[in-house]
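User: Hi! Could you walk me through this model?

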Amino acid sequence: MKLQAVLFDLDGVITDTAEFHYLAWKQMAEPIGIEIDHAFNERLKGISRMESLERILAHGGKEQQYTMEQKQRLAADKNKHYVSLLTQLTPEHVYPGIPELLDQLAELQIPAVLTSASKNAPQILSALRLDERFHTIVDPDGMPGKPAPDIFLKGAGAVGADPAYCIGVEDAQAGVEAIKAAGMFAVGIGEKGLLCASGADIVFESTAKLNLTALLKAAKLD
Ligand code: B16
Ligand code: MG
C-alpha cells in the first residue's frame, strides 16, 4: 500500500526548542521557590503547557497552592518569555535531514502534517521558513494531550489519510504512545531503549539518519 501522509512532531524532531522551554519554565519557577534542572525538563517534552505547569508545581510540592486563575497567569508569563526567546530561531536551526525529507515527500505529493503540542508552532515554522512545506498545522487547542491519539487522528483526517497508511515521527515517549494509539507506524528520534519501550517501530538516534527509502521499507509501504 502507498504511504498517505507523514505526521511530524516539532520540538525534538524539526528543531530544538526544549532549551527555550527550559529557560522560560526555570525563570517562572524560581520566584515561587521551585528549582528545576535539565533532567526534570526531560519529563516535560511533548507535554502541553498547562500539564507541564502542573508537573512543575507537583515537583515543588505546591500543586494545591494556586487557583486556576493564578496558574493561567504563571503559564502566560512563561509563554511570554518563551516567545521572546523564539526570536533567536533562524532556518539554520532546522535539524539535519528534515529539509531533504520534506523535499522527497513534496516530490511524491505525500502531505506533511505538523502534529505538535505547541500552540506556538505556526510562529516557530515561520521563523524556520518551513511554513509553506506543511499541508496542515494541527491546532492542539482544546484537544487531549499526547499520549492521547487525537492530534494524530485529526492530522490524518485533515489530509484524508487512513491512519494505517501514515507514519508519525516523534522524540517524546508520550508522542510515540500517541502515534501507536492512532494506529500509525511510529518513528522515534532519540534514545532507542526509551522510545521502543513506548512502542516505537523504528528509532533513529538523529534526524540526520532519516530518509524516505528507509522509512518506507521499515513501514512496508510504497
Ligand atoms: P507551547 P512538541 C511541545 O512541543 C514541547 O515539547 C513541550 O515542552 C511544550 O510544553 C509543548 O510543546 C507546548 O508548547 O507552550 O508552545 O504551547 O514536542 O509537541 O512539538
Ligand atoms: Mg517533541
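User: Which side chain has an N or O atom 2.9 Å from an oxygen atom of ligand 1?
Analyst: That is the side chain of Asp9. I count a polar contact as a pair of N or O atoms within 3.5 Å; within protein, one must be able to donate a hydrogen and the other to accept it, and residues adjacent in sequence count only if both atoms are side-chain atoms. One caveat: this is a predicted model, where local features need pLDDT of at least 70, side-chain atom pairs count only at pLDDT 80 or more, and totals for chains, interfaces and linings use all residues. Residues are numbered from 1 along each chain as its sequence is written, chains are lettered from A and ligands numbered from 1 in the order in which they are written, and side-chain values use heavy atoms, with hydrogens and water left out.

User: Which backbone atoms lie 2.7 Å or 2.8 Å from an oxygen atom of ligand 1?
Analyst: A polar backbone atom of Gly46 is at 2.8 Å, and a backbone N or O atom of Ala117 is at 2.7 Å.

User: And how much of ligand 1 does the protein cover?
Analyst: It covers 99% of the 470 Å² of accessible area that ligand 1 has on its own (Shrake-Rupley method, 1.4 Å probe).

User: New topic: where is the cis peptide bond?
Analyst: It runs from Lys146 to Pro147, with omega near 20°.

User: Which non-glycine residue has a positive phi?
Analyst: Gln109 does, at about 55°. Most residues other than glycine have a negative phi, and most peptide bonds are trans.
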